[in-house]
Amino acid sequence: MITVNSDGKIMVRRCLVTLRPFRLFVLGIGFFTLCFLMTSLGGQFSARRLGDSPFTVHTEVIGALESRVVLRKMSDLLELMVKRMDTMVHLENGSELRRGDEEHAVDRFPPGAKLMEKIQAIAQNVSDIAVKVDQILRNSVLHSKVSEGQRDQCEVPNDPKYPDCSGKVEWMHARWTSDPCYAFFGVDGTECSFLIYLSEVEWFCPLMSWRNQTAVLPAPKPLPKVQAAFRSNLSHLLELIGSGKESLIFMKKRIKQLAAHWALAAQRLEAKLKGSRRDQKQILIHIGFLTEESGDVFSPRVLKGGPLGEMVQWADILAVLFVLGHNLKITVSLKELQSNLGVPPGRGSCPLTVPLPFDLIYTDYHGLQQMKQYMGLSFKKYRCRFRVIDTFGTEPAYNHEEYATLHGYRTNWGYWNFNPKQFMTMFPHTPDNSFMGFVSEELNSTEKQLIKNNKASNMAVVYGKEASIWKGKEKFLGILNKYMEIHGTVYYETQRPPEVPAFVKNHGLLPQQEFQQLLRKAKLFIGFGFPYEGPAPLEAIANGCIFLQSRFSPPHSSLNHEFFRGKPTSREVFSQHPYAENFIGKPHVWTVDYNNSEEFEAAIKAIMRIQVDPYLPYEYTCEGMLERIYAYIQHQDFCATTETSPLVVPPQPARAPTALAPNATHLVWPHNASQGSEAWPPMHSLQGWLAETGRTCTDTCLDRGLICEPSFFHFINTLDAFLKLNVSCDRTESEMNHLYPAFAQPGQECYLQKEPILYSCAGSNTKYRRLCPCRDFQKGQVALCQDCL
């Protein structure tokens with residue numbers, strides 16, 4: 001048994017008794033005083049650290065003059081408190097001595113005397129330090145007067161190369177205290193500190209002639225170029241992703257599942273490239289929608305039937321960039337993001353403390369907003385390096401801030417003034433954006449045959465893990481139940497969701513591999529209109545299912561459907577999965593009117609009579625995605641001329657070397673033309689077509705088995721192009737409109753595009769016949785022309 005010394009008990013009890021609130025308050029004052037002294041003196045000495053700005057000393061001196069007054073007030077206050085405490089201690093000691101049961105403890109621990117000694121010592125130290133600080137401050141002020149006199153004579157330069165300088169100085173006068181980052185860079189409220197900051201940290205004013213130019217930090221030398229090499233071992237990538245979120249665990253499982261496919265795809269692409277050399281890129285990947293600050297609504301729902309499409313795509317993006325041999329930094333928190341970017345302390349008004357160390361940044365709209373908040377002017381400087389993963393796409397009319405505001409296209413997600421090709425979509429919705437995509441597991445011939453042999457002839461799986469999707473679908477399910485056994489994968493915790501009819505065999509939420517096994521047995525995968533454009537239908541088709549979906553009439557868009565409202569696109573969606581309908585089609589994909597019971601039932605009967613092989617478009621294989629992203633990284637350069645330009649274009653040619661095709665229907669690019677020889681895609685893939693009235697360029701090119709290519713607009717945005725197509729222009733104007741270049745009837749008016757980032761394959765008007773740039777494409781790979789790789 002443990003025993004406790006009685007004297008020890010009494011000592012603890014006396015400590016608790018004697019440390020009364022007033023004494024605690026006094027000790028707190030003493031501790032605060034010491035902290036304040038350390039902070040004040042630390043500021044004086046830190047102002048003289050190597051590499052600090054020359055006007056930081058001035059800032060600290062001004063602040064310390066106030067500190068000297070505060071120190072003296074504290075010293076006086078402590079002396080007054082000592083006198084009062086002395087009286088209180090005498091009174092308290094007398095009362096304590098009358099307590100007979102604790103009299104020996106009082107003799108051993110005289111609380112008043114010891115406490116008084118400590119307070120008197122603190123007061124004396126404060127007084128002594130105040131005198132020393134006063135001497136230091138006087139020396140500091142005298143030492144700085146020579147240089148200060150020179151700096152007070154700073155004048156705002158009148159340099160036509162820097163027209164915004166004076167306006168920025170005025171702004172700094174009024175707002176420099178609005179963000180601590182200005183003081184971090186040495187701004188102290190003087191004219192000179194403003195000019196030094198605006199010339200050396202920002203770039204609105206010229207460098208000051210009297211400044212020691214060595215004070216301006218030179219840009220660090222770029223790292224030596226390292227050659228990228230394909231990787232087949234993904235274990236380091238899994239370490240980079242980290243853990244702690246269900247979403248990250250899901251992504252790592254997916255990468256592991258497809259590891260062998262990525263390794264094989266890397267071998268095939270390496271063989272195609274025949275050992276061509278390429279530089280390793282420094283790439284930051286910031287998944288903004290998974291940060292706590294954005295709400296991260298996805299992670300908690302991973303195991304509860306929530307949407308997985310975005311996480312599927314991000315997992316595949318990480319795998320592609322890693323397999324291609326690039327150096328990755330992955331962040332899912334703002335703290336990690338700020339550390340990797342070099343964000344100064346404050347509210348995000350100032351540029352980064354160092355040049356951006358990344359060649360490319362892959363993020364989403366949430367991450368884009370976060371980086372704009374913290375990067376200050378550096379966001380505009382480096383915006384050409386961003387690649388935005390954008391599920392549903394961003395059309396040029398919504399991307400151009402001024403145009404979107406003036407013409408009613410402004411939404412919460414648009415107006416970034418990027419090159420539209422910087423937005424990367426899950427499906428090839430519009431050629432204005434780059435098609436990023438994702439992958440489905442590719443089967444070999446043996447696996448395909450095994451699936452065909454084990455297919456059930458009357459088994460259907462419903463597309464939809466949330467019970468709300470099933471609500472109101474009893475009529476369709478009743479018809480389907482006459483012909484097929486219906487299976488569902490609806491999430492539930494304790495009891496069967498009431499929206500799921502009793503005749504449906506519900507498996508609950510299944511792991512990915514078990515869900516694939518279910519698809520390999522089923523004949524039909526049926527959608528109920530939502531979710532839109534997810535990865536599941538492609539997985540079902542790849543596993544030998546026929547996909548049945550509803551046709552929308554009228555088509556869904558931001559004008560008539562809540563789901564699309566606010567999204568930066570006017571695209572009309574004619575079915576649940578437009579890609580499956582337009583790029584795959586029958587016999588793998590059937591699109592019918594679910595409001596017509598007879599048409600729906602006829603489709604079910606027809607599907608029962610046919611058999612299909614597993615099918616996966618090449619662009620959704622690991623190899624297809626790998627070569628597509630390889631081509632983008634090698635050839636898409638939106639920073640070719642300047643970091644601050646959203647779209648780099650050569651001077652507009654008065655006469656582009658296009659020629660009328662032999663059949664006189666469209667324009668072509670002569671093979672012997674020297675202009676545009678460095679362009680990507682190659683110029684010889686260009687075909688220029690005049691659209692019918694009211695048709696988009698996207699549809700005009702598709703009607704001819706081609707793809708609209710917005711980077712070619714520049715070469716046909718000329719009066720000469722109209723004349724070669726035998727269009728007579730009575731009047732020609734150059735304006736800012738996302739439908740131009742175009743020809744208007746009546747009136748014989750030709751309109752040219754004035755703003756390059758408004759070149760758009762999307763958009764139509766019954767007034768115009770649009771002039772459209774089209775190109776060829778690889779079979780199963782619409783993102784790349786035949787000679788693009």
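The lining of the largest cavity in this predicted model comprises two nonpolar, four polar and three charged residues. The residues concerned are Arg 254, Gln 257, Leu 258, Val 439, Ser 440, Glu 441, Gln 512, Gln 516 and Glu 539. Two helices, α10 (246–257) and α20 (512–521), each contribute at least two residues to this lining.

An open sheet is built from six strands, arranged in the order β2-β1-β3-β4-β5-β6 with parallel pairing. Ile 389 has Met 424 of β5 as its bridge partner. In general, the strands of a sheet pair through backbone hydrogen bonds, in either a parallel or an antiparallel manner.

Helix α6 (residues 165–175) has Cys 165, Val 169 and Met 172 as its buried residues. These residues span an arc of only 60 degrees around the axis and therefore lie on the same side of α6. Exposed residues on the other side of α6 are Glu 170 and Ala 174. The elements that cover the buried residues of α6 include two further helices, α7 (180–184) and α8 (191–200).

Note on methods
Residues numbered from 1 in each chain as written. Predicted model: local features only at pLDDT ≥ 70, side-chain atom pairs only at ≥ 80, totals over all residues. Heavy atoms only, no water. Buried < 20%, exposed > 50% of the residue type's maximum accessible area, 1.4 Å probe, protein only. Helix = DSSP H or I, 4+ residues; strand = E, 2+ residues; numbered from the N terminus. Arc of directions from axis to C-beta. Contact = heavy atoms within 4.5 Å. 1 Å grid on protein atoms, 1.4 Å probe; cavity = no way out; pocket = protein on both sides within 12 Å on 5 of 7 lines; lining within 4 Å. Nonpolar A, V, L, I, M, F, W, Y, C, P; charged D, E, K, R; others polar. Pairing = 2+ DSSP bridges.
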